[in-house]
2 protein chains.
Amino acid sequence: MNIYDVSKKAGVSIATVSRVLNGNPNVSEKTRARVLDVMNETGYTPNVFARGLGLGTIRTIGIMCSDSSDPYLAHAIYYLERELRLSGYDSILCCTGNSLENKRQYFDLLRSKKVDAFILVGSKFIELRAKDNSYLVEAAKDVPIMLVNGYLEGENIYCTLCDDRTAVRQAAEQLLSGGCNDILYLFTSYSYSGTNKMKGYRDALMNLGLSVREDYIQNCPKDVLETKKLLSRLDEEGLHFDAVLTSDDALAVGAVKYAHAYGRKIPDDLSIIGYNNSIYSICTDPEITSIDSKVEALCTTTVTTLMGVFNGCNVPSRTTIAADLIKRATTKFH
Amino acid sequence: MNIYDVSKKAGVSIATVSRVLNGNPNVSEKTRARVLDVMNETGYTPNVFARGLGLGTIRTIGIMCSDSSDPYLAHAIYYLERELRLSGYDSILCCTGNSLENKRQYFDLLRSKKVDAFILVGSKFIELRAKDNSYLVEAAKDVPIMLVNGYLEGENIYCTLCDDRTAVRQAAEQLLSGGCNDILYLFTSYSYSGTNKMKGYRDALMNLGLSVREDYIQNCPKDVLETKKLLSRLDEEGLHFDAVLTSDDALAVGAVKYAHAYGRKIPDDLSIIGYNNSIYSICTDPEITSIDSKVEALCTTTVTTLMGVFNGCNVPSRTTIAADLIKRATTKFH
DNA sequence: GCCATTATTGTAAGTGCTTACATTTATTTT
DNA sequence: AAAATAAATGTAAGCACTTACAATAATGGC
C-alpha cells in the first residue's frame with residue numbers, strides 16, 4: 001500500500017493524497033473525506049523514509065543522557081518524551097555513559113539520523129573543558145541543541161536551568177539559622193550545576209561573614225554506601241559536623257545511614273538535606289528534606305522553547321527555574 | 001554531500017560507492033580504499049531516509065515500556081540500549097503509561113517508523129485479557145516482538161522470563177524454615193509475572209501442607225508510603241504477621257518503614273524480602289534482602305535471541321533465567 | 001595470443017513521498 | 001455572459017540511496 005494505490009482507489013492524484021496527509025488546506029472537504037476513508041479502509045500508513053527523503057525532517061528529537069537509571073534522569077526522560085509526543089514529535093533515546101568518546105559517537109549517530117533537534121539531559125553531559133564541547137557548538141549550526149540542567153554557550157544552543165545556587169544558599173541559610181554551625185557540603189561532580197550548588201553553599205557562609213573551611217567541602221561518588229563510608233571516615237578522623245548538605249539525594253541517604261551507624265540523632269544532633277526530591281528521599285527513616293529541582297517544569301519549558309525555535313519565535317537562550325525546599329524530618333525548621 | 005559527490009571525487013560510479021557503504025565484497029581493495037578516503041575527507045554520511053527507502057529497514061528497534069522512572073525498567077532500558085548498539089542497532093524508546101489506548105497508539109507509531117523489531121519491557125505491558133493483546137499477535141506477523149519479563153503466546157513472539165515462581169517459593173521456604181509462620185505476601189499487579197510470583201508463595205505453603213490464608217495475600221500499589229499505610233492498617237486490625245514477602249522492592253521499603261513506626265524489630269520480630277534488588281534495597285536500615293531478577297541477563301539474552309531471529313536461526317520462543325536471593329539484614333538466614 | 005571465466009565496475013530503474021508549477025474547475029466581478 | 005480571480009487538482013521533477021542486469025577489465029588455460 002503506497003500513495004499511488006490510495007490515489008487510484010480514491011480517484012485523485014498522488015499530490016492530493018499527499019496534501020491530505022500533510023493537512024494542507026487546499027483540498028476540498030469532499031475529496032479530503034474520500035481520501036481519508038480510503039486510508040482507513042486500507043490501513044495505509046505513509047512510509048517514513050520516503051517522507052523523510054522528501055521533507056528532510058522526520059519530526060524526531062534525539063534525547064541524550066549519561067545514564068537512564070539515575071532516578072533524576074529517568075524522570076526527565078519520562079517528561080521529555082511525554083511533552084514531545086504531545087507536540088507531535090517522537091524521540092530517540094541514547095544513554096551514553098560518561099565517556100566523551102561515546103558521547104561524541106552517539107551524537108554523530110543521531111545526527112546521521114537527521115533528528116530535528118537534540119535534548120541533552122543533565123549537566124554531566126557537558127564536559128568541563130570547553131574544547132571538549134566544541135563538537136556540540138559546531139553541530140548547533142545545523143540543528144538546535146537544548147540543554148536540560150546543563151550549560152553551554154553558543155549560537156542555537158538553549159539552556160533550561162534550575163537556580164541551584166540560590167536553592168543551596170537558602171537551604172544552607174536555614175540550617176545556619178537553625179543553629180547548625182558546621183555544615184558539611186557533599187558534591188558529586190564539578191559539572192556546571194555541581195559547581196553552582198557549591199557556590200550557593202559558599203554564598204550562605206560568606207553572607208554571614210563566616211569563613212569557608214575547605215575540609216567541609218567533600219567530593220563523593222553518587223553512591224549511597226560510598227557516602228556512608230566517607231562520612232564514617234571523616235567522623236573517625238575527628239571532623240565535627242552538625243549538618244550535611246548534599247548535591248544529590250543518594251548522598252543524603254548515605255548520610256542517614258551513617259547517622260544510624262554512628263548513633264547520631266536526626267535532626268537534633270545532625271541535620272541532612274538532599275537534592276532532587278527523588279524517590280530516595282522518602283525511603284529512609286526519618287524521611288529526607290530535599291531540594292526539589294523541578295524536573296517536570298524544566299522539561300516542559302525545554303520542549304516549549306524548542307517548539308518556539310522551530311516556529312522561528314524569538315526565544316530566550318537561557319531560562320532559569322526556581323527550586324523548592326521540601327521540608328521533611330531530617331531538619332528542624334519551624 | 002551525497003553519494004554522487006563522493007562518486008565524482010573518487011572517480012567511480014555511485015553503485016561502487018554504495019557497495020563500499022554496504023560492505024559488498026565485490027569491490028577491489030584499491031577502489032574501496034579510495035572511496036573510503038574520500039568519505040573521510042569530506043565527512044560524508046549516508047542519508048538514512050534514502051537508505052531506508054532502498055533497503056526497507058533502518059536497523060532500529062522499538063523499545064516500549066510503561067514507565068521509564070521505575071528503577072527496574074530504567075535499568076532494563078539501559079542494558080537493552082547498550083546491547084542493541086553493540087549489535088549495530090539503534091533504539092527508539094516509548095514510555096506509554098498504563099492505558100491500553102496509548103500502548104496501541106505508540107505501537108502503531110513505531111510500526112509506521114518501520115522498526116525492525118519490538119522489545120516490550122515489563123509484564124505490565126501485556127494486558128490481562130487476551131483479546132486486548134491481539135493487536136500484538138497480529139503485528140508479529142510482520143515484525144518480531146520480544147518480551148522482556150512478559151508473556152504472550154504467538155507466532156514470532158519471543159519471551160525472556162525470570163523464574164519468578166521458583167524464586168518466590170524458595171524465598172518463602174527460607175522464611176518458613178527460619179521460623180516465620182505468618183508470611184504476608186504483598187503484590188502490585190495481576191500481571192503474568194505478578195501472578196507467577198504469587199504462585200511461588202502458594203507453592204511454598206502447599207509443599208509443606210500449610211493452608212493458604214487469603215487475607216495474607218494483599219494487593220498494594222507500587223508505592224512506599226501506601227505500603228506503609230496498608231501494613232499499619234492490617235496491624236491495627238489485628239492481623240498477625242512475622243514476615244513480609246513482596247513483589248517489588250518499593251513495597252519492601254514501605255514494610256521497613258512500617259516496622260520502624262510500629263516498633264517492630266527487624267529481623268527478629270519481622271522479616272522482610274523485596275524483589276528486583278534495586279537501589280531501594282540498600283537505602284533503608286537495615287538493608288533489604290531482595291530477589292535479584294537478573295535484569296542484565298534478561299536484556300542480553302533478549303538481544304541475542306533477537307539477533308538470532310534476524311539471522312534466521314532456530315531460536316527458542318521462550319527462555320527462562322533463574323533469579324538469585326541477595327541476603328541482607330532484613331532476614332535471619334544462616 | 002585467443003577464448004573462457006571470473007572479478008570489477010557502470011547504467012538505469014526502482015523506492016514512496018513532497019512540492020513548484022501548470023492546469024482545470026469554481027466563484028466573483030463587471 | 002465574459003473576464004478576472006480564487007480554489008482545487010494534477011504533472012513531473014526532485015530527494016539520496018539500492019540493486020538487477022549489462023558491460024568492461026583482469027586472469028588463466030591452452
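Let's start at DNA strand C. Near has a cut-off: a residue's C-beta atom, placed from the backbone, lies within 6 Å of the strand. Helices here are DSSP runs of H or I, at least four residues long, and strands are runs of E, at least two, all numbered from the N terminus.

A word on the model. It is predicted, so local features need pLDDT of at least 70 and side-chain atom pairs count only at pLDDT 80 or more, while totals for chains, interfaces and linings use all residues. Residues are numbered from 1 along each chain as its sequence is written, and chains are lettered from A and ligands numbered from 1 in the order in which they are written.

By class, the surface has 13 nonpolar, 11 polar and 2 charged residues. For the classes, Ala, Val, Leu, Ile, Met, Phe, Trp, Tyr, Cys and Pro are nonpolar, Asp, Glu, Lys and Arg are charged, and the others, Gly among them, are polar.

Now DNA strand D. Of the 26 residues around it, Asn2(B), Ile3(B), Ser18(B), Ala50(B) and Gly54(B) come nearest. Two or more residues each come from α2 (14-21) and α4 of chain A, and from α2 (14-21) and α4 of chain B.

Helix α4 also takes us to the other chain. The axes of α4 (residues 48-55) of chain A and α4 (residues 48-55) of chain B come within 8 Å and cross at roughly 145°. Those axes are lines fitted to C-alpha atoms, for helices over the stretch in contact, with angles from 0 to 180 degrees between N-to-C directions. Who meets whom? Phe49(A), Ala50(A), Gly52(A) and Leu53(A) meet Phe49(B), Ala50(B), Gly52(B) and Leu53(B). Contact requires C-beta atoms, placed from the backbone, within 7 Å.

Widen the view. In total, 33 residues of chain A are in contact with 33 residues of chain B. The largest share of chain A's side, 6 residues, comes from α5(A). That side has 18 nonpolar, 8 polar and 7 charged residues.

The largest nonpolar core has 177 residues, and Val121(A), Leu245(A), Val121(B) and Leu245(B) have the most contacts inside it. Such a core is a set of buried Ala, Val, Leu, Ile, Met, Phe, Trp, Tyr and Cys residues joined through C-beta atoms within 7 Å. Buried takes 20 or more other C-beta atoms within 10 Å of a residue's own, exposed 12 or fewer, and partly exposed lies in between, with C-beta atoms placed from the backbone.

Last, some backbone details. Most residues other than glycine have a negative phi, and most peptide bonds are trans. Arg59(A) has a positive phi, near 50°. Arg59(A) is partly exposed, because 16 other C-beta atoms lie within 10 Å. Asn277(A) also has a positive phi, about 50°. Asn277(A) counts as buried, because it has 23 C-beta neighbours inside 10 Å. In chain B, the bond from Ile266(B) to Pro267(B) is cis, with omega near 0°. The bond from Asp285(B) to Pro286(B) is cis too, with omega near -5°.

Note on methods
Contact = placed C-beta atoms within 7 Å.
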